[in-house]
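Subject: Structure handover

Hello,

Here is the structure for you to look over. My notes on contacts and strands follow below it.

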Amino acid sequence: MAISRDKKQTLVAELTELLKDAKGTAFARYQTLTVADLQELRKAAREAGVTIKVVKNRLVRVALQEIDTYKETDTSLLVGQLVYAVSSEDEVMPAKVLDTFAKTHPALQLAGGFSGEGLAISEADVKALSGLPSKDQLCSQVCFAWWLCCSWPVMATQISLCSIS
């Protein structure tokens with residue numbers, strides 16, 4: 001079913017706003033997924049703070065051309081039926097959501113992505129991104145390491161005092 005020109009302009013405007021604020025975008029082929037599968041993906045994405053969009057690649061290209069950051073971005077990977085995962089909060093989470101879903105739904109195949117800086121990301125790079133910890137997990141790890149480094153002299157002194165007495 002064809003959509004009207006006004007509807008296309010509205011979709012492009014929505015996509016432009018979504019992609020303008022995006023820190024990370026990942027996309028995947030979804031050819032044989034059912035509507036129920038896509039709803040399950042949307043639910044998982046929503047819980048992770050990621051927006052899922054299924055739109056024509058041509059409309060995504062138009063939206064990217066309207067954003068200065070993405071004007072020079074290579075869009076050659078935008079081929080076939082694609083589902084887009086976008087996050088304005090975390091660079092890694094779109095790739096992580098799609099990859100996690102693909103593990104239980106092999107019909108979903110990672111295809112690529114875009115960084116918040118306007119760079120095209122290959123399928124292999126998206127797969128690598130999905131293996132990284134989320135921003136919150138990284139912050140927790142850094143804070144723990146910092147706490148450990150700062151508290152180690154105190155703990156070492158306490159251990160020394162205990163062994164003397």
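A salt bridge here is a side-chain nitrogen of Lys or Arg within 4 Å of a carboxyl oxygen of Asp or Glu. Please keep in mind that this is a predicted model.

**Salt bridges**

The structure holds 4 salt bridges. Start with Glu17 and Lys20. Their closest N and O atoms are 3.2 Å apart, and the two residues form a salt bridge. Both sit in helix H1, 3 residues apart, about one turn of the helix. Glu17 has 44% relative accessibility and counts as partly exposed. Lys20 is partly exposed too, at 47%.

Next, Glu14 and Lys53. This salt bridge has its closest N and O atoms 3.7 Å apart. Glu14 belongs to helix H1 (residues 5–20) and Lys53 to strand S2 (residues 51–53), so the bridge ties together parts that are 39 residues apart in sequence. Glu14 is partly exposed at 39% relative accessibility. Lys53 is also partly exposed, with 25%.

Then Asp99 and Lys127. The closest N and O atoms of this salt bridge are 2.7 Å apart. Asp99 lies in helix H4 (residues 93–104) and Lys127 in helix H5 (residues 123–130), so the contact ties together parts that are 28 residues apart in sequence. Is Asp99 buried or exposed? Asp99 is buried, with a relative accessible area of 7%; the cut-off for buried is under 20%. Lys127 is partly exposed at 45% relative accessibility. Shared partners join Asp99, Lys103 and Lys127 into one network of salt bridges.

**Strands around S4**

Strand S4 covers residues 109–115. Of its 7 residues, 6 are buried, so S4 is largely enclosed by the rest of the structure.

Which way does S4 pair with strand S1 (residues 24–29)? The two pair in the antiparallel sense, over 6 bridges. Within this pairing, Thr25 stands opposite Phe114 in S4.

S4 is also joined to strand S5 (residues 120–121) by 2 bridges, and these strands run antiparallel. Gly113 has Ile121 in S5 as its bridge partner. The hairpin of S4 and S5 has 4 residues between the strands. In that hairpin, Gly118 takes a positive phi near 95°.

**Aromatic rings**

How many aromatic pairs does a search of the whole structure find? The search finds 3.

One of them is Phe27 with Tyr84. The ring centres are 5.6 Å apart and the planes stand at 50°, so the pair is tilted.

Another is Phe27 with Phe114. Here the centres are 5.5 Å apart and the planes are at 45°, so this pair is tilted. The pair links strand S1, through Phe27, to strand S4, through Phe114, 87 residues apart. Phe27 has a relative accessible area of 0% and is buried. Phe114 is buried at 3%.

Ring pairs link Phe27, Tyr70, Tyr84 and Phe114 into a cluster.

**Where to look**

For the charged contacts, bring up Asp99, which is buried and forms a salt bridge with Lys127.

Best regards

Definitions and conventions: Residues are numbered from 1 along each chain as its sequence is written. This is a predicted model: local features need pLDDT of at least 70, side-chain atom pairs count only at pLDDT 80 or more; totals for chains, interfaces and linings use all residues. Side-chain values use heavy atoms; hydrogens and water are left out. Buried means under 20% relative accessible area, exposed over 50%, partly exposed in between (1.4 Å probe, protein chains only). Two strands pair if DSSP finds at least two bridges between them. Rings of Phe, Tyr and Trp (its six-membered ring) pair if their centres lie within 6.5 Å; planes under 30 degrees apart count as stacked, over 60 as edge-to-face and the rest as tilted.
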